[in-house]
Each structure stands twice: as C-alpha cells, then as structure tokens.
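Let's take a walk through the charged side-chain pairs here. Have the viewer open and follow along.

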Amino acid sequence: MKPLRIMQGSAVAVLITAPILFSTPVGAQLTQQVSQQFSQAIAQTLAAKPTSEAAAPKVTLTLSAAKQVIKSDRQGQPVTTWQPLGNQAVAKPGETLRFQLLGKNEGKAPAKTMVLTQPIPQGTQYLLNSATSSQPADLTYSIDGGKQFTAQPKVKETLPNGKTIEKPAPASAYTHIKWQLKHALPALAQTQVSYQVTVR
C-alpha cells in the first residue's frame with residue numbers, strides 16, 4: 001500500500017455557509033492528498049439573516065492534522081503525543097491521525113445555529129468514539145456519503161435463513177461526522193471539534 005500524503009489548509013466561513021473542502025484522492029490505490037481542495041467536506045454556519053452586514057456573524061474555520069506518536073518514558077511506560085503534520089507529510093498504513101476543526105466567530109453577532117460536517121478521508125477509517133467537541137453538541141454520523149445522518153448508524157444483514165436484521169455499522173462504513181452545537185456561538189468566541197482515523 002502507498003502512504004497517505006497530507007497537506008494542510010484552512011477556509012473562511014462568512015455569514016450563512018462555509019464550505020471546507022477536504023480529502024481529494026490522487027491515485028487508484030489508497031494514496032490521497034488532503035489539500036486546500038478538500039472535496040466533499042462541508043463546514044457550515046447557519047444563522048438567522050442579519051439586519052446588516054456589520055452585525056453579522058463571521059466564522060473563520062481552520063482545519064489541522066496531527067499524527068499519533070507513541071514512545072516509552074524512562075520507566076518503559078507508553079506515552080502518547082501528537083505530532084503536527086506539515087505540508088507534504090506522509091502517514092503510513094496503521095498510523096492514527098487526528099483532525100481538528102477550529103471555528104472562530106470574528107463577527108459582531110452570535111452564530112445562532114452552527115453545524116460542522118467533516119468527511120472521513122478516503123484511504124482512512126474512522127476510529128469509533130473518537131469524535132469530540134469543546135462545546136455541547138449533537139453528534140451524528142453518515143454511512144451513505146453525507147446524505148443521511150443518525151446517532152447510531154445501522155446496516156442490514158441477511159441471515160442464511162433469509163431473515164434480515166439490523167446491526168451497528170462497522171467503522172469502515174462511516175463516511176461523515178456532523179456536530180450540531182446546542183448553543184449559539186457568541187461573537188468573538190471559538191469552538192473546536194476533532195476526530196481520529198486510522199490509515200488503511
């Protein structure tokens with residue numbers, strides 16, 4: 001398998017919607033590039049239409065990535081740290097990456113409803129239960145490319161006797177993660193969400 005090549009970028013969201021592009025495959029195998037053209041990722045800020053542009057929320061979004069590094073301390077105990085990935089960084093199969101999306105409301109009005117959606121990059125697999133948020137948020141997932149979201153994705157399985165059952169979707173089926181903040185993001189405030197993946 002080829003390594004995963006990572007490039008970093010950021011995006012700015014003004015007023016209502018803020019696309020963040022993420023994860024563009026560059027090869028037929030599992031090589032991909034995460035660059036400023038992050039295809040299919042969406043980070044949105046939904047707010048009531050302001051009465052004037054001066055009073056509008058202005059949310060700046062910055063996406064960053066880090067690679068998990070595990071070393072032993074002097075007593076031989078494992079210590080986990082996160083190494084920021086710079087431009088053209090390479091991640092190998094089996095390694096764990098953490099993506100963080102920082103949203104700053106640099107406007108003069110609160111972002112009343114904020115929804116952040118991120119894809120699971122091609123060539124990686126979501127690490128179950130790794131999604132976090134610095135503020136209370138409803139967390140949902142998609143297994144169909146971002147068309148539908150649910151808190152507990154399920155897949156159908158047909159048993160040998162012909163009966164169909166539903167069971168929890170495997171991590172490999174996850175395609176997107178969505179955080180919907182439960183409270184408005186005040187002016188000049190910030191929020192951060194993160195999730196981890198393993199490189200296939």
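Glutamate 95 is partly exposed, with a relative accessibility of 22%; that label covers the range between buried (under 20% relative accessible area) and exposed (over 50%), using a 1.4 Å probe and protein chains only. Its salt-bridge partner is lysine 67, with N to O at 3.8 Å. The term means a side-chain nitrogen of Lys or Arg within 4 Å of a carboxyl oxygen of Asp or Glu. The two sit 28 residues apart and link distant parts of the chain: glutamate 95 is in the loop between β9 (89–91) and β10 (96–105), while lysine 67 belongs to strand β7 (residues 58–72). Strands are DSSP runs (E, at least two residues), numbered from the N terminus. Lysine 67 counts as buried because its relative accessible area is 14%.

A caveat before moving on: this is a predicted model, where local features need pLDDT of at least 70 and side-chain atom pairs count only at pLDDT 80 or more, while totals for chains, interfaces and linings use all residues. Residues are numbered from 1 along each chain as its sequence is written, and side-chain values use heavy atoms, leaving out hydrogens and water.

How many salt bridges does the structure hold? There are three. Another joins lysine 167 and glutamate 157, at 2.7 Å from N to O. Here strand β16 (residues 164–168) supplies the lysine and strand β15 (residues 154–158) the glutamate, 10 residues apart. Lysine 167 is partly exposed at 35%, and so is glutamate 157 at 29%.

Lysine 182 also pairs with aspartate 138, the closest N and O atoms being 3.8 Å apart.

Methods
Helix = DSSP H or I, 4+ residues; strand = E, 2+ residues; numbered from the N terminus.
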